[in-house]
Amino acid sequence: MTHSNAGRLARFFTLAETAEVLAISVSQAYALVRSGELPAIKVGGNGHWRVERTVLQGYIDGKYEENRRRALWQQAEYADVAELFVER
């Protein structure tokens, strides 16, 4: 690594690094990649999986949004239907 690159973060994560960021096992990270839920690329002669930093952040952001929407939906299920149509 050159001195100019020493302070920069790597563009790609290994599956082990990805698993560490997500606080899951490497096999769970591999399953996310294999299913296509988490986009990744294969590089090198042995086909090692790599997840781009920005893709991983987008995946995390998407999960937050998914959970936010699910919470709103669950709240709406418990709302009184008449309450939804009352003019304020």
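I take contact to mean heavy atoms within 4.5 Å. The model I am reading is predicted.

**Entry 1: Leu-15**

I started with Leu-15, which is found in helix 1 (residues 15–22). I looked up its accessibility: the relative value is 11%, and buried means under 20%, so Leu-15 counts as buried. I then listed its contacts, not counting residues up to four places away in sequence. Leu-15 touches Val-26, Ala-29, Tyr-30, Val-33, Trp-49 and Val-51.

**Entry 2: helix 1 against helix 2**

Which residues of helix 1 meet helix 2? I found Leu-15, Ala-16, Ala-19 and Leu-22 on the helix 1 side. Their counterparts in helix 2 are Val-26, Ala-29, Tyr-30, Leu-32 and Val-33. The two axes come within 8 Å and cross at roughly 105°. Angles of 65 to 115 degrees count as roughly perpendicular, and helix 1 and helix 2 are therefore described that way.

**Entry 3: the two faces of helix 2**

Helix 2 covers residues 26–35, and I noted Ala-29, Leu-32 and Val-33 as buried there. They lie on the same side of helix 2, because the arc they cover around the axis is only 95°. On the face turned away from the buried side I found the exposed residues Ser-27, Arg-34 and Ser-35. Just after helix 2, Gly-36 takes a positive phi of about 90°.

I traced an open sheet of three strands in the order 1-3-2, with antiparallel pairing. Strand 1 (12–13) and strand 2 (41–43) stand at the edges with a single partner strand each, so one side of each has no neighbour in the sheet. Strand 3 (residues 48–52) runs antiparallel to strand 2, and three bridges join them. In this pair I located Val-43 opposite His-48 of strand 3.

**Entry 4: the core**

Last, I looked up the largest nonpolar core, which has twelve residues in all. Leu-15 is one of them, and the members also include Ala-29, Leu-32 and Val-33. For context, nonpolar side chains tend to be buried together in soluble globular proteins.

Note on methods: Residues are numbered from 1 along each chain as its sequence is written. This is a predicted model: local features need pLDDT of at least 70, side-chain atom pairs count only at pLDDT 80 or more; totals for chains, interfaces and linings use all residues. Side-chain values use heavy atoms; hydrogens and water are left out. Buried means under 20% relative accessible area, exposed over 50%, partly exposed in between (1.4 Å probe, protein chains only). Helices (H or I, at least four residues) and strands (E, at least two) are DSSP runs, numbered from the N terminus. The arc is that of the directions from the helix axis to the C-beta atoms. Two strands pair if DSSP finds at least two bridges between them. A nonpolar core is a set of buried Ala, Val, Leu, Ile, Met, Phe, Trp, Tyr and Cys residues joined through side-chain atoms within 4.5 Å. Axes are lines fitted to C-alpha atoms, for helices over the stretch in contact, and angles run from 0 to 180 degrees between N-to-C directions. Angles under 35 degrees count as roughly parallel, over 145 as roughly antiparallel, 65 to 115 as roughly perpendicular and the rest as oblique.
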